[in-house]
Amino acid sequence: MKRLPKIDELIEADDIDAGCAAGFEVLHQYVETELAGADPARGLPGVAAHLRRCPACHQDYLGLLDAVRRFGDDS
Amino acid sequence: MPTETLLSNDPVALIPESGMDAASRSWVDCFKASGNRYSECLARLHALLLRVAKHEATRRSGSLRVHGPEIEDIAQQAADDALMAIRAKVVTFRGESRFTTWAYRFVVFEVSTKIGRHFWRHPPIDMDQKTWDQLPDPLPLQPEHIAEFREVQIAVRRAIDEDLTEHQRRVFVAVALNEVPMDAFAREIGSNRNAVYKTLFDARRRIRASLAAAGHARPTTSVESA
């Protein structure tokens with residue numbers, strides 16, 4: 001079956017999607033795993049699926065990555 | 001959306017939770033303190049949250065045309081509310097990450113919800129308009145796939161019009177089609193991000209089921225890194 005990228009993106013719904021609230025609870029672990037050079041999607045596949053589909057949480061993920069890289073512990 | 005999928009099936013892929021780094025331990029101890037030390041701890045964390053909030057508000061400001069004093073105001077409110085949330089939640093911090101990473105999560109979220117308010121000052125679209133013209137141009141497709149594209153497009157439109165509830169249709173049109181920021185939309189309808197996303201998720205599943213019933217089943221996707 002040929003993927004129709006834009007239409008399929010519009011209606012994609014992954015059954016393992018963790019949702020916003022559950023994803024938020026572990027977003028710090030997800031980000032630090034990525035910053036450590038590991039693949040967070042291996043351990044948190046439901047969060048990875050959610051971040052691909054939820055633009056708001058994806059922006060939070062990008063913002064947290066950026067903040068940790070830029071400010072760190074600030075100690 | 002099963003929350004059990006949050007549980008790691010490959011623990012080695014996650015940062016070990018054993019032990020807490022010295023800086024994080026210092027923050028936690030600080031929150032257990034009293035008097036001046038506690039006040040100084042809150043002030044230091046607030047200053048850090050404010051820096052993160054200003055940076056994050058600036059990072060997000062472009063598309064919403066938010067500038068100068070508004071960014072300062074958003075950042076101040078976000079830092080204030082994030083500090084309140086952190087004070088309430090700090091007892092749940094177990095050292096799964098650095099304390100600051102755990103804490104920045106709250107201020108990033110607060111910036112997102114607060115900056116969403118500004119979307120409605122310059123909304124780019126009529127939310128009641130079904131912007132079907134914004135659906136993808138089939139030109140990138142090979143000619144033999146254009147007919148399929150048209151058939152699926154019609155089937156999707158029919159599913160949205162006939163199979164979604166009124167609320168699902170409103171959420172799908174606003175968030176998926178018109179790309180209204182979820183926090184802005186949630187605020188507009190007196191809801192929250194989590195509830196809006198759940199509705200969007202259910203709408204997408206219903207559309208996919210409708211397509212499958214009409215002989216246009218769409219492929220599922222594998223999990224990829226965000």
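Colleague: Why does B:Glu179 count as partly exposed?

Modeller: This is a predicted model, in which local features need pLDDT of at least 70 and side-chain atom pairs count only at pLDDT 80 or more, while totals for chains, interfaces and linings use all residues. Residues are numbered from 1 along each chain as its sequence is written, and chains are lettered from A and ligands numbered from 1 in the order in which they are written. A residue is buried if 20 or more other C-beta atoms, placed from the backbone, lie within 10 Å of its own, exposed if 12 or fewer, and partly exposed in between. B:Glu179 therefore counts as partly exposed, because its C-beta neighbours inside 10 Å number 14.

Colleague: Where does B:Glu179 lie in chain B, and what is its phi?

Modeller: The residue B:Glu179 is in the loop between α6 (166–177) and α7 (182–188) of chain B. Helices (DSSP runs of H or I, at least four residues) and strands (runs of E, at least two) are numbered from the N terminus. Most residues other than glycine have a negative phi. B:Glu179 is not glycine, yet its phi is positive, near 55°.

Colleague: How many helices does chain A have?

Modeller: From the N terminus on, the elements of chain A read α-α-α-α-α. Chain A has zero strands, and its helices number five.

Colleague: Which element gives the most to the side of chain B that touches chain A?

Modeller: In this interface, 57 residues of chain B are in contact (C-beta atoms, placed from the backbone, within 7 Å) with 59 residues of chain A. The elements giving two or more residues to that side of chain B are α2 (35–61), α4 (99–115), α5 (143–163), α7 and α8 (193–213). With nine residues, the element that gives the most is α8(B).

Colleague: At what angle do the axes of α5(A) and α2(B) cross?

Modeller: Axes are lines fitted to C-alpha atoms, for helices over the stretch in contact, with angles from 0 to 180 degrees between N-to-C directions. Angles under 35 degrees count as roughly parallel, over 145 as roughly antiparallel, 65 to 115 as roughly perpendicular and the rest as oblique. The two helices, α5(A) and α2(B), are therefore oblique to each other. The axes of α5 (residues 55–71) of chain A and α2(B) come within 10 Å, and their crossing angle is roughly 130°.

Colleague: What is the handedness of the crossing of α5(A) and α2(B)?

Modeller: A crossing is left-handed if the near helix is turned anticlockwise from the far one by less than a right angle, and right-handed if clockwise. Where α5(A) passes α2(B), the crossing is right-handed.

Key. Two residues are in contact if their C-beta atoms, placed from the backbone, lie within 7 Å.
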